[in-house]
Amino acid sequence: MSRTKPHEIVERALELSTADGCVVIADEESSANLRWAGNALTTNGVTRGRTLTVIATVDGGEGTASGVVTRSAVTAADLEPLVRAAEAAARGAGPAEDAQPLVTGTPASPDFADGPAETSSAVFADFAPALGEAFARARAGGRELYGFAHHQLVSTYVGTSTGLRLRHDQPNGTLELNAKSPDRQRSAWAGRATRDFKDVDPTVLDAELAVRLGWAERRIELPAGRYETLLPPTAVADLLIYQMWSAAARDAAEGRTVFSRPGGGTRVGDRLSPLPLTLRSDPDAPGLESAPFVIAHSSGDDASVFDNGLPVPATEWIANGELARLTTTRHSAALTGLPLSPAFGNLILDGGGDRSLEEMVAGTERGLLLTCLWYIREVDPATLLLTGLTRDGVYLVEDGQVVGEVNNFRFNESPVDLLSRATEAGRTERTLPREWGDWFTRAAMPALRVPDFNMSSVSKGV
């Protein structure tokens, strides 16, 4: 099976199916990675893998049922049992609430019959020598670099019994670099997202981290409280990604989320921010390209297996500060009366600002500059109150200058509430969400100025 082209596996699975409807998704994944510690490479590797998902649909007197089975490392002998298992799951299930006719009419991908795209260690051909230079500079500067670089390429093939034959290649690359003082008392972090490692320079990140370690030479203890705070793009991304994961239309219409309108309905049309913020997704956004059609391995609040192959258009979720859309499947769109808005593969916030984070720091009389957020958890879905921790550097700004590093904090904030209180948005730039980077990497965000960010307690972590 490893030598069989993915499209041939999809076609064979469809031939084997005796269900009323069938969707087959083949994911061909390859990855390459580098890891380092103490200014020296420690490990590197390349992996390959294949996952096959079969979705069978069975019509009955009370409706259409679905069965979904996903397996890895499927051999030729495993293929028919996999198809039969999906059919048995469908026949043993009750009618699927989200049942819809399988999608038709999406034009076939011209490269559907081609072999999968693959990554290899060659993706680091230019990056690795630059990393060696960063190690040398760090050693000379008395700091230690830790981190990893990871590149993944997934070729997804979708075939259906209604004739769809679609394929999408999705590259994802992440670079995370952590610099520490030799006594391990000072730490700073920087990260980048990339498609091919041709646009990331570890020496540039090392220089940024050297500056931050210098800031941390002066330590200032601050109590919990509300502070004017500059949230960098990575922190904004982590907060807004979670907000969008909580933006399913059906949940809002049923009164379960921050986007529910008191008394019934949703808050679509409400103003969320006094700033001209536009939060959008676009599968064709340069550098952030994502699948232009729905790929759903399972059904959930914002996805339906029946929608596989449905085109994904560019969508504005917040338009000029007003809530414009919530995520919908065909089923939930019909239930709520809202437009069809499939879940997204990237997220972009435009705020109309043109100042860099450094320029925003220069314009700050007194406030905090964060590096990133982590350990984010939901406290209250009705308000989308989140809690989490700052990490790897919180800096005090006075009269436009960073004057030292302060202690870490636990925060309690709702991203929806933050949007209503933000007073400035900087220049939008591609960023790596630190908390959610294992699941979502394609984001572009501005820094945000929040006049009263709630640092609810002091944290002793780094």
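This is a predicted model: local features need pLDDT of at least 70, side-chain atom pairs count only at pLDDT 80 or more; totals for chains, interfaces and linings use all residues.

Trainee: What sheet do they sit in, and in what order do the strands come?
Mentor: An open sheet of 6 strands, ordered β11-β10-β9-β12-β19-β18. The pairing there is mixed.

Trainee: Which strands stand at the edges?
Mentor: β11 (322-323) and β18 (429-431). Each has a single partner strand, so one side of each has no neighbour in the sheet.

Trainee: What does UniProt say about residues 225-456?
Mentor: The unreviewed entry annotates that span as "domain: Metalloprotease TldD/E C-terminal". In the model, the span is 16% helix and 34% strand. Its end C-alpha atoms lie 6 Å apart.

Trainee: Switching topic. What is the strand order in the sheet with β1?
Mentor: β3-β2-β1-β4-β5-β6. That is an open sheet of 6 strands with antiparallel pairing. The edge strands are β3 (63-72) and β6 (187-194), each pairing on one side only. From one strand to the next, the twist averages 15°.

Trainee: What packs on that sheet?
Mentor: Helix α1, residues 6-16. Helix α1 touches β1, β2, β4 and β5. Its direction makes about 150° with that of β1.

Trainee: And how many bridges join β5 to β6?
Mentor: 8 bridges, with the strands running antiparallel. One example is Ala179, whose bridge partner in β6 is Ala188.

Trainee: I spotted Glu176. Where does Glu176 lie?
Mentor: In strand β5.

Trainee: Buried or exposed, that Glu176?
Mentor: Buried. The cut-off is under 20% relative accessible area, and Glu176 has 14%, so Glu176 counts as buried.

Trainee: What does its side chain make a polar contact with?
Mentor: The side chain of Trp189, at 2.9 Å. Glu176 also touches other residues, including Trp36, Tyr146, Phe148, Leu432 and Arg434.

Trainee: Last one. How many disulfides are there?
Mentor: The count is 0, taking a disulfide as a pair of cysteine sulfur atoms within 2.5 Å.

Trainee: Are Cys22 and Cys372 buried or exposed?
Mentor: Cys22 is buried, at 2% relative accessibility. Cys372 is buried too, at 1%.

Key
Residues are numbered from 1 along each chain as its sequence is written. Side-chain values use heavy atoms; hydrogens and water are left out. Two strands pair if DSSP finds at least two bridges between them. Helices (H or I, at least four residues) and strands (E, at least two) are DSSP runs, numbered from the N terminus. Axes are lines fitted to C-alpha atoms, for helices over the stretch in contact, and angles run from 0 to 180 degrees between N-to-C directions. Contact means heavy atoms within 4.5 Å. Buried means under 20% relative accessible area, exposed over 50%, partly exposed in between (1.4 Å probe, protein chains only). A polar contact is a pair of N or O atoms within 3.5 Å; within protein, one must be able to donate a hydrogen and the other to accept it, and residues adjacent in sequence count only if both atoms are side-chain atoms. UniProt positions are given in the numbering used here, feature names are shortened, and annotations may be inferred rather than shown by experiment. Lists of a residue's contacts leave out its neighbours within four places in sequence.
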